[in-house]
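Could you look through this model with me before we meet?

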4 protein chains.
Amino acid sequence: MNRKLRVTIWNEYRHEKEDATVRAIYPNGIHAAIGEGLGDQVEIAYATLDDPEHGLTEERLNTTDVLIWWGHKAHHEVQDDIVERVHNRVLRGMGLIVLHSGHFSKVFKKLMGTSCDLKWREADDKERIWVVSPGHPIVEGVGEYIELDAEEMYGEHFDIPAPDELLMVSWFEGGEVFRSGCTFHRGQGKIFYFRPGHETYPTYYNEQVRRVIRNAVMWAAPVEREYPNYGNHKPLEQIQPK
Amino acid sequence: MNRKLRVTIWNEYRHEKEDATVRAIYPNGIHAAIGEGLGDQVEIAYATLDDPEHGLTEERLNTTDVLIWWGHKAHHEVQDDIVERVHNRVLRGMGLIVLHSGHFSKVFKKLMGTSCDLKWREADDKERIWVVSPGHPIVEGVGEYIELDAEEMYGEHFDIPAPDELLMVSWFEGGEVFRSGCTFHRGQGKIFYFRPGHETYPTYYNEQVRRVIRNAVMWAAPVEREYPNYGNHKPLEQIQPK
Amino acid sequence: MNRKLRVTIWNEYRHEKEDATVRAIYPNGIHAAIGEGLGDQVEIAYATLDDPEHGLTEERLNTTDVLIWWGHKAHHEVQDDIVERVHNRVLRGMGLIVLHSGHFSKVFKKLMGTSCDLKWREADDKERIWVVSPGHPIVEGVGEYIELDAEEMYGEHFDIPAPDELLMVSWFEGGEVFRSGCTFHRGQGKIFYFRPGHETYPTYYNEQVRRVIRNAVMWAAPVEREYPNYGNHKPLEQIQPK
Amino acid sequence: MNRKLRVTIWNEYRHEKEDATVRAIYPNGIHAAIGEGLGDQVEIAYATLDDPEHGLTEERLNTTDVLIWWGHKAHHEVQDDIVERVHNRVLRGMGLIVLHSGHFSKVFKKLMGTSCDLKWREADDKERIWVVSPGHPIVEGVGEYIELDAEEMYGEHFDIPAPDELLMVSWFEGGEVFRSGCTFHRGQGKIFYFRPGHETYPTYYNEQVRRVIRNAVMWAAPVEREYPNYGNHKPLEQIQPK
């Protein structure tokens, strides 16, 4: 690909407007902090829940290579036809990075086929995210672990299909573990789920967290190829009459 | 488990009623032929599309260990709330065997999260189903391949998530290949997709095909354990104030 | 299978002879404690490093369905031809359960193709082994986690190929995580690696640990089928001259 | 990475010297044809069996990002210490592309831990290599299948561990199938096995085959990160005395 990758960062963008604590951390929204972390190697667009069509018009999606998704308290407000549209684009090759509470988004649940449920706790747990697949491009430049002084806890069992690749596992101070970095493929699309990023912590300013998201965007880039032919198929070889 | 496994065989049961050719092959319905192949090691119940609630009442599902699914021309007639019910039971541990054109059933698509699309052709292709994971219990007692003199062709790309285990790959006379035996885990449920079984061929009388289905039923049996706890979780260790 | 499964428990059996602390915990050897935990559903044989041919004669291996392996300080004393013999039997279908420090055994390393290295610490860490694949038969009857009051720590990165199925992940008091329950398939053989069991702790008396090992033995049982044909293969269809 | 990727192409280079038919197809050796197909986006070095240290000196390997391996009739002549060296470099991150009969090389067998055996036939079978994972970068720019008019047949069962990703499956005219494009991760190294390329056919001039190898080289590039720390590990958190 000779052009810059086109990334759309989708944020629910409610906590920041409604809660002063969150706004103090992310004054321009979580999406802005994530975008800042991506740097200028990619072309960035933003979309939020309250935009028309949630900012995810056909045109926007058709010109998006990788979509980043952060949502939490208003998953149910995302319209089903937009979910369908995003799902459809992923199957056709658009990359998708699902962050933190996005595990419960309609899009992620539809792609996974499971409840995507988990244990959680808001108690300032220390989190240590260990790399378990050190040769994977998504963890390039990341140390043996990422330490976050305080985060929301997510604990197993995490009800997802076994990931195609398990890249990171979190340790939590309160005694739990979690599969925190997971890749999936659905259709022609690549999906990466990355756990950290509760809205009350400055997680998306962490350099290692940013590095992971940056790497994931590059990894999730679509390949250039036609969508497969499905349906009735003529034989390529002669079939013997029976 | 000291009792017999309880298997429910679900069949759309329309082709057999509407088409004399199919009825000649499966006079009592495809479900009856599948049930006959299971033998008396398991307890069998039948359910069909035109039964009340498609035969899949709460009670029926709650007393089903493994559900076998054959559907084709009337996937859209399966009610969404029943699909939801079956999906829910799979996540809670019920095994699911999806046969042939069941790849396009609402239940399977919902569990997979993909289009489940494929190439197909009705042209009496010879099919040779090769075992690629010879140590797996589902292929116990099956030779190096199963040969079917004539079958409908299904060809790649088959739009499913990468299976947890790929057990069999089909060769078709007309020049195609297909991932024909695939296992998946969703929630606590085990799922097996098995390709052969077009309604115009006597495939479900084939001894090797029957052996695979029989093995798959045993493999897909639920484990005895509680459904995981999800939601708010108290710490198991003391968390330091920050 | 109508007969009892035949299990051989192999123990290095040196710590127990040389170290009074270990002997106090396992007076008859670690193998005896593991065997006791298996109960009488299976037929048990024992083999140790100092037996002739390490107790792993051709005859013994040929009549073993599942081999359990515990070794630690004398991996290098295991003769290469016996390693070859065990490796060969696994590829031909014998199940293999590798426990704790067996990760560094010649047999396991040869089957994995990696260094199998890891982090470790003997410091009485509390260990909590979380189930991450609750539908798997190996964790049947096990709760959401197994808690061990004190154990040796094993930490990531654990240099193994990505397991075919990841069943359990350990949390350690000192801040680490570890992929503690892993399945692999090699040839026709099923392999299960299970982390806990340092010789200075009474881990193999723990009821949940015993349950996992018991389940794993049943899971690893060989299937009844011929070893595949390899080598020169005549065509099954006519090939057109070119 | 801002520099060109450094690729070493290793060829046994015996058939071409000893057999006029092969020499007519690959006058400068199979390695030269493969190198030509890589183009000038990468920096290429060559190494052959009869070079000192088989051309795989410490220095050469330490400055190789991705190693391509073609060998067939003289696998046993590759010295064990060189095998050890290559194996070691793969675990430390060097990519490895194993072609065709390289499935039986000492290096590949050591990395896989299995026999790597298969069925084969030299009978001018038509081969059709179907893409089954269309979103993967290794198949970028490749059509739904690659057709080779005549090739050696390789058939299942192929005795490898289940690949981390199955990308391509071959159909053969004589009635067999084969998992032809397989990725594996071992240590920090990425491995790609690609089936086609018998010495008596001009396969490595095929544009699609070349595209796959070119893509695979980019995919297998090492990530920039330290080799993990293994061994005794100090606690990161305070452990309570017991």
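1. First, some ground rules. This is a predicted model, where local features need pLDDT of at least 70, side-chain atom pairs count only at pLDDT 80 or more, and totals for chains, interfaces and linings use all residues. Residues are numbered from 1 along each chain as its sequence is written, chains are lettered from A and ligands numbered from 1 in the order in which they are written, and side-chain values use heavy atoms, with hydrogens and water left out.

2. Chain A holds seven helices and ten strands. Here helices (H or I, at least four residues) and strands (E, at least two) are DSSP runs, numbered from the N terminus. The radius of gyration of chain A, taken over C-alpha atoms, is 19 Å, close to the 18 Å from the globule rule for 242 residues, so chain A is as compact as a globular protein of that length. That rule is 2.2 Å times the number of residues to the power 0.38. Along its principal axes, the C-alpha trace of chain A spans about 70 × 40 × 35 Å.

3. How much of chain A is buried? Of its 242 residues, 66% are. Buried means under 20% relative accessible area, exposed over 50%, and partly exposed in between (1.4 Å probe, protein chains only).

4. Now turn to helix H5 (residues 80–91) of chain D. The buried residues of H5(D) include D:Ile82, D:Val86 and D:Leu91. Among the elements that the buried residues pack against are helix H4 (58–62) and strand S8 (177–186) of chain D. Just after H5(D), D:Gly93 has a positive phi of about 120°.

5. Is C:Gln188 buried or exposed? With 4% relative accessibility, C:Gln188 counts as buried. This residue sits in the loop between strands S8 (177–186) and S9 (189–194) of chain C.

6. Finally, A:Gln240 lies in the segment after strand S10 (231–232) of chain A. A:Gln240 is partly exposed, at 47% relative accessible area. A:Gln240 is 64 residues from A:Glu176 in sequence and 61 Å away in space, C-alpha to C-alpha.

Note on methods. Contact means heavy atoms within 4.5 Å.
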